Amino acid sequence: GAITATANWAPPASDGGSPITGYRVRAQRVDPATGASVGTPIASAVQAATARSFEMTLAAGSYRFTVEAINAVATGAQSPVSNVVIAR
C-alpha cells in the first residue's frame, strides 16, 4: 500500500542575494536496517516560495528527505538529510 509523508522545513539563512522562488522536496527510499539509498530519488514539483511543508504519497517503505531552495540565480544546496522515516 501507499503511505503519506509530510516534509517540513524552514527557509535558509541566506538567499544568496536573490529572493527564493520555490522549493523542491526529494524523497529517497532507503534500506531500514542500514539507511543506505535504494533506487532513484523521487522529486516533487517546485513548491511555492511561501511553502514550509509538502505532503507526498509514496510506496510503502522507509525514506529520507531533503529540500532545496530555488531562486533566479540557481538551485541551492540540498538540506541535510532527514532521519530515516519508517512507514508503519
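These legends go with several views of one predicted protein model.

View 1. The protein chain has 7 strands and 0 helices; both are DSSP runs numbered from the N terminus, with helices being H or I of at least four residues and strands E of at least two. Going along the sequence, the pattern reads β-β-β-β-β-β-β. Its C-alpha atoms fill a box of roughly 40 × 20 × 20 Å along the principal axes.

**View 2. Contacts and cover in the chain.** Contact here means heavy atoms within 4.5 Å. Take the chain's contacts with a separation of 6 or more: 63% of them come from residues 24 or more positions apart. Of the 88 residues, 31% count as buried (under 20% relative accessible area; exposed is over 50%, partly exposed in between, with a 1.4 Å probe and protein chains only).

**View 3. Close-up on Ile-86.** Ile-86 sits in strand β7, which covers residues 85–86. With a relative accessible area of 48%, Ile-86 is partly exposed. Setting aside neighbours within four places in sequence, Ile-86 touches Pro-32, Gly-61 and Ser-62, all in contact with it.

**View 4. Ile-86 and Ala-36.** This pair is 50 residues apart in sequence, and the C-alpha to C-alpha distance is 13 Å.

**Notes on the views.** Residues are numbered from 1 along each chain as its sequence is written, and side-chain values use heavy atoms, leaving out hydrogens and water. As this is a predicted model, local features need pLDDT of at least 70 and side-chain atom pairs count only at pLDDT 80 or more, while totals for chains, interfaces and linings use all residues.
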